[in-house]
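Here is a friendly walk through one model, in questions and answers. Have a look at it first, and then we can go through it together.

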Amino acid sequence: MLRHGVREPLEAAKSREIALAQAPTSLPGLPKGNYLILSFTTDFDSKTTMKVETLSMVEVDGEYKAIGYFIK
């Protein structure tokens with residue numbers, strides 16, 4: 001599961017604030033469509049510094065489905 005590989009070492013999120021929301025109709029290397037890109041500044045329980053989480057989604061049959069999750 002994705003969470004175990006990316007999120008688990010950081011432990012639970014203590015706080016999360018939206019930093020950026022975009023709704024592009026195209027992304028590099030992907031077909032045209034309705035996309036949603038959400039970036040959050042997140043503070044985790046672990047001793048790490050604040051991180052930026054980015055969730056990428058595409059609209060399929062009227063619902064948004066995750067296509068990417070990244071932490072920097």
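Q: Which residue stands opposite E59 in β4?
A: A word of caution to begin with: this is a predicted model. Strand β3 covers residues 51–60 and strand β4 covers residues 63–71, and the two run antiparallel. In that pairing, the residue of β4 opposite E59 is Y64.

Q: How many bridges join β3 to β4?
A: These two strands form a hairpin with 2 residues between them. They run antiparallel, and the number of bridges joining them is 8.

Q: What is the order of the strands in the open sheet?
A: The sheet has 4 strands with antiparallel pairing. Its edge strands are β1 and β4, each of which pairs on one side only. Neighbouring strands are turned by 25° against each other on average, direction ignored. The order is β1-β2-β3-β4.

Q: Which residue of β3 stands opposite L38?
A: Strands β2 and β3 run antiparallel and are joined by 8 bridges. Across this pairing, L38 faces a residue of β3, namely L55.

Q: Is S56 buried or exposed?
A: S56 sits in strand β3. Leaving aside neighbours within four places in sequence, its contacts include L36, I37, K65 and A66. The relative accessible area of S56 is 11%, and buried means under 20%. S56 is therefore buried.

Q: Where does L27 lie, and what is its relative accessible area?
A: L27 belongs to the loop between β1 (13–22) and β2 (35–44). Not counting residues up to four places away in sequence, L27 touches Y35 and I37. L27 is partly exposed, because its relative accessible area lies between the cut-offs of 20% and 50%.

Q: What distance separates the C-alpha atoms of V52 and S39?
A: V52 lies in strand β3 and is partly exposed, with a relative accessible area of 33%. Residues up to four places away in sequence aside, V52 touches S39, F40, T41, F70, I71 and K72. V52 and S39 are 13 residues apart along the chain, and their C-alpha atoms are separated by 6.6 Å.

Notes:
Residues are numbered from 1 along each chain as its sequence is written. This is a predicted model: local features need pLDDT of at least 70, side-chain atom pairs count only at pLDDT 80 or more; totals for chains, interfaces and linings use all residues. Side-chain values use heavy atoms; hydrogens and water are left out. Two strands pair if DSSP finds at least two bridges between them. Buried means under 20% relative accessible area, exposed over 50%, partly exposed in between (1.4 Å probe, protein chains only). Contact means heavy atoms within 4.5 Å. Axes are lines fitted to C-alpha atoms, for helices over the stretch in contact, and angles run from 0 to 180 degrees between N-to-C directions.
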